[in-house]
Amino acid sequence: MSDFEPLKDGDGNTALQEAKPQLKRPPLYKVMLLNDDFTPMDFVVEILTDFFNMSEEKATQVMLQVHTQGVGVCGTYTKDVAETKVHIVNEYSREHHHPLMCTMEEA
Ligand code: TYC
């Protein structure tokens with residue numbers, strides 16, 4: 001069903017006009033990896049291929065970007081998906097006793 005919003009004229013009369021449908025896109029979030037001195041490079045590449053569906057080549061590129069620049073983007077997702085990825089990656093890293101940190105911020 002469509003919504004209606006009030007439309008006032010100068011004499012204080014109010015009519016109803018059909019409101020424009022409010023179709024805002026949901027905000028997107030960048031999921032990022034942070035560099036550290038201890039997590040093995042191979043483990044980071046594995047994270048990027050397994051959880052972010054990157055090719056080995058792309059994963060190596062992103063891992064090296066994080067290694068040299070301190071931070072790199074793994075992908076951009078809706079809030080729920082981004083939160084889940086961050087959680088899964090951080091849990092997986094902890095389970096393997098690596099200090100790798102995954103975070104998110106609005107794109
Ligand atoms: N700096 C790590 C090393 O030299 C590798 C690394 C890359 C760690 C990316 C974390 O997000 C990271 N072993």
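## Two helices crossing

Start with helix α1 (residues 41–52) and helix α3 (residues 79–95): their axes come within 11 Å and cross at roughly 145°. Axes here are lines fitted to C-alpha atoms, for helices over the stretch in contact, with angles from 0 to 180 degrees between N-to-C directions. Helices are DSSP runs (H or I, at least four residues) and strands are too (E, at least two), numbered from the N terminus.

Who's touching whom? On the α1 side you'll find F43, E46, I47, F51 and F52, and on the α3 side K85, I88, V89, Y92 and S93 (contact means heavy atoms within 4.5 Å). Sorted by class, that's 7 nonpolar, 1 polar and 2 charged residues.

## How the model is read

This model is predicted: local features need pLDDT of at least 70, side-chain atom pairs count only at pLDDT 80 or more, and totals for chains, interfaces and linings use all residues. Residues are numbered from 1 along each chain as its sequence is written, and side-chain values use heavy atoms, leaving out hydrogens and water.

## Around the ligand

The residues surrounding the ligand include L33, N35, D36, M63 and H67 (a heavy atom within 4 Å counts). Helix α2 gives the largest share of this shell, 3 residues.

Now for polar contacts, pairs of N or O atoms within 3.5 Å. A polar side-chain atom of N35 sits 2.8 Å from a ligand nitrogen, while a backbone N or O atom of D36 is 2.7 Å from a ligand nitrogen. In H67, a side-chain N or O atom lies 2.9 Å from a nitrogen of the ligand.

Key
Nonpolar A, V, L, I, M, F, W, Y, C, P; charged D, E, K, R; others polar. Polar contact = N/O pair within 3.5 Å; in protein donor to acceptor, adjacent residues only side chain to side chain.
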